[in-house]
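Please read it with the sequence and the coordinates at hand.

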Amino acid sequence: MLSRVADSLYWMSRYLERVEHMARVSSVNLSMALEQSPEAASRRWQRVLGGLRSRPPHSEGFHDPAEVAYWLIFNQTNHNSLASCAKGARDNARQVRESISIEMWEHINRLYFRVREAREASEWRENQGEYLSGIIETCHMISGVTDSTLSHGEGWHFIQVGRYSERASSIAALLDVHFAELQKPGLRGKARRDETDTYLDWVALLSSCIAFDAYRKVHTAQLLPERIAEFLVFNPEFPHSVCFAAQELENSLRAIGKITRSHRASRVNNVAHRLRSTLSFSQPSEQVLDTMNSHLRYVLDSCGQIHHAIHQAYIAYPVEQELSP
């Protein structure tokens with residue numbers, strides 16, 4: 001496969017995953033804003049902005065949750081906004097139309113135009129929740145169409161790599177900001193429950209990772225920080241846990257290495273293997289919160305290393321190195 005094709009498939013998938021994540025987090029927190037005091041909602045939106053790695057200029061000036069959500073979704077100067085990511089996904093898909101299915105292109109194109117047209121239309125102003133739900137459903141449909149209409153060869157595996165590397169880093173960043181507050185002096189244990197560790201805060205975090213219902217099936221409705229951390233980071237069976245994403249990431253990278261038979265695959269495979277092994281063989285304990293941020297920083301660092309290793313191994317490798325015996 002040409003390196004430009006691999007690069008476009010990889011970034012197309014990352015952008016689509018980012019669109020779905022951004023839409024879901026915005027939708028959940030807009031809904032929760034109706035249930036909490038303005039002070040609690042403001043603290044939560046600051047965490048949301050940090051978890052989405054989108055810091056607007058003068059963010060302290062945002063007092064209306066809908067204004068924050070509009071900036072996250074439609075602001076064209078924000079390269080991480082939903083609109084920017086939808087455009088990035090379409091641009092990359094357009095460059096590799098011969099490598100994706102017609103159905104994939106049609107749905108990605110439809111997603112792009114729906115986001116672009118809603119910026120000035122009444123659809124966003126009149127029903128924000130329904131609009132964001134439609135974006136999420138479209139992203140899920142693209143994912144299903146991709147798995148159903150594309151041969152599961154090298155190109156499909158690059159799409160998987162983009163999806164799960166983005167998912168692992170996005171969830172880790174969201175959790176890192178949220179659990180970092182647990183380390184602040186005076187905010188541990190029962191004392192913290194009177195401040196930002198409210199029931200709705202944990203509901204919002206789980207819902208932002210499509211995990212509230214799945215968590216309740218395992219741990220009932222008792223929302224304990226240590227159990228939430230264990231479920232979202234170390235659970236190997238839940239599709240939106242960091243551990244699951246690391247497993248799928250390693251599997252697809254190994255498959256690409258076998259298909260390409262590239263000697264450059266070893267480094268990226270080794271980094272992915274270390275990440276997956278660390279998460280799979282960690283034994284979460286009641287003190288899991290004491291080490292949670294170190295685990296999450298390790299995940300974020302590893303995702304960055306994997307990204308650069310993929311680029312060096314499959315995208316921007318020296319031609320002379322490939323032609324040498």
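At roughly what angle do the axes of H1 and helix H7 (residues 128-149) cross, and within what distance do they come? In this predicted model, the two axes cross at roughly 150 degrees and come within 9 Å. H1 and H7 are therefore roughly antiparallel to each other, given that angles over 145 degrees are counted in that class. The crossing of H1 and H7 is left-handed. On the side of H1, the contact is made by Leu16, Val19, Glu20, Ala23, Arg24, Ser26, Ser27 and Leu30, and these meet Gln128, Leu132, Ile135, Ile136, Cys139, His140 and Ile142 of H7. Sorted by class, the residues of this contact of H1 with H7 comprise nine nonpolar, four polar and two charged.

Two packed helices are described by the angle between their axes and the distance between the axes. The table gives these values for the helix pairs treated here.

| Helix pair | Axis angle | Axis distance |
|---|---|---|
| H1 and H7 | roughly 150 degrees | within 9 Å |
| H8 and H13 | about 155 degrees | 8 Å |
| H8 and H12 | roughly 165 degrees | within 11 Å |

Helix H13 spans residues 242-260, and its axis lies 8 Å from that of H8, with an angle of about 155 degrees between the two. That angle makes H8 roughly antiparallel to H13. H8 passes H13 in a left-handed crossing. From H8, the residues in contact are Glu154, His157, Phe158, Gln160, Val161, Tyr164, Ser165, Ala168, Ile171 and Ala172, while H13 brings Val242, Phe244, Ala245, Glu248, Leu249, Ser252, Leu253, Ala255, Ile256, Ile259 and Thr260. The contact of H8 with H13 has 14 nonpolar, five polar and two charged residues.

H8 also packs with helix H12 (residues 225-234), where the axes come within 11 Å and cross at roughly 165 degrees. The angle makes H8 roughly antiparallel to H12. The crossing of H8 and H12 is left-handed. Here Ile171, Leu175 and Phe179 in H8 meet Pro225, Ile228, Ala229, Leu232 and Val233 in H12. What classes of residue make up this contact of H8 with H12? There are eight nonpolar residues in it, with no polar and no charged ones.

The structure holds one cavity of 30 Å³ or more, and the volume of the largest cavity is about 100 Å³. Lining the largest cavity are Val25, Asn29, Arg44, Arg47, Val48, Leu174, His178, Asp201, Ala204, Leu205 and Ser208. At least two residues of this lining come from each of H1, helix H2 (38-51), H8 and helix H10 (199-208), and H10 gives the most, with four residues. In terms of class, the lining of the largest cavity divides into five nonpolar, three polar and three charged residues.

**The open space**

The largest pocket contains about 280 Å³ of space. It is lined by 17 residues, of which Arg14, Arg18, Arg53, Glu166 and Ser169 are the closest to its centre. Helix H1 (3-32), helix H8 (154-180) and helix H15 (288-315) each supply at least two residues of the lining of the largest pocket. Which helix gives the most to this lining, and with how many residues? H1 does, with five residues. The lining of the largest pocket is made up of four nonpolar, nine polar and four charged residues.

Notes: Residues are numbered from 1 along each chain as its sequence is written. This is a predicted model: local features need pLDDT of at least 70, side-chain atom pairs count only at pLDDT 80 or more; totals for chains, interfaces and linings use all residues. Side-chain values use heavy atoms; hydrogens and water are left out. On a 1 Å grid over the protein atoms alone, a cavity is a set of points where a 1.4 Å probe fits but cannot get out, and a pocket is an open set with protein on both sides within 12 Å along at least five of seven lines; lining residues have an atom within 4 Å of a point. Grid points are joined across faces, edges and corners, and a volume is the space filled by probe spheres set on the points. Ala, Val, Leu, Ile, Met, Phe, Trp, Tyr, Cys and Pro count as nonpolar, Asp, Glu, Lys and Arg as charged, and the others, Gly among them, as polar. Axes are lines fitted to C-alpha atoms, for helices over the stretch in contact, and angles run from 0 to 180 degrees between N-to-C directions. Angles under 35 degrees count as roughly parallel, over 145 as roughly antiparallel, 65 to 115 as roughly perpendicular and the rest as oblique. A crossing is left-handed if the near helix is turned anticlockwise from the far one by less than a right angle, and right-handed if clockwise. Contact means heavy atoms within 4.5 Å.
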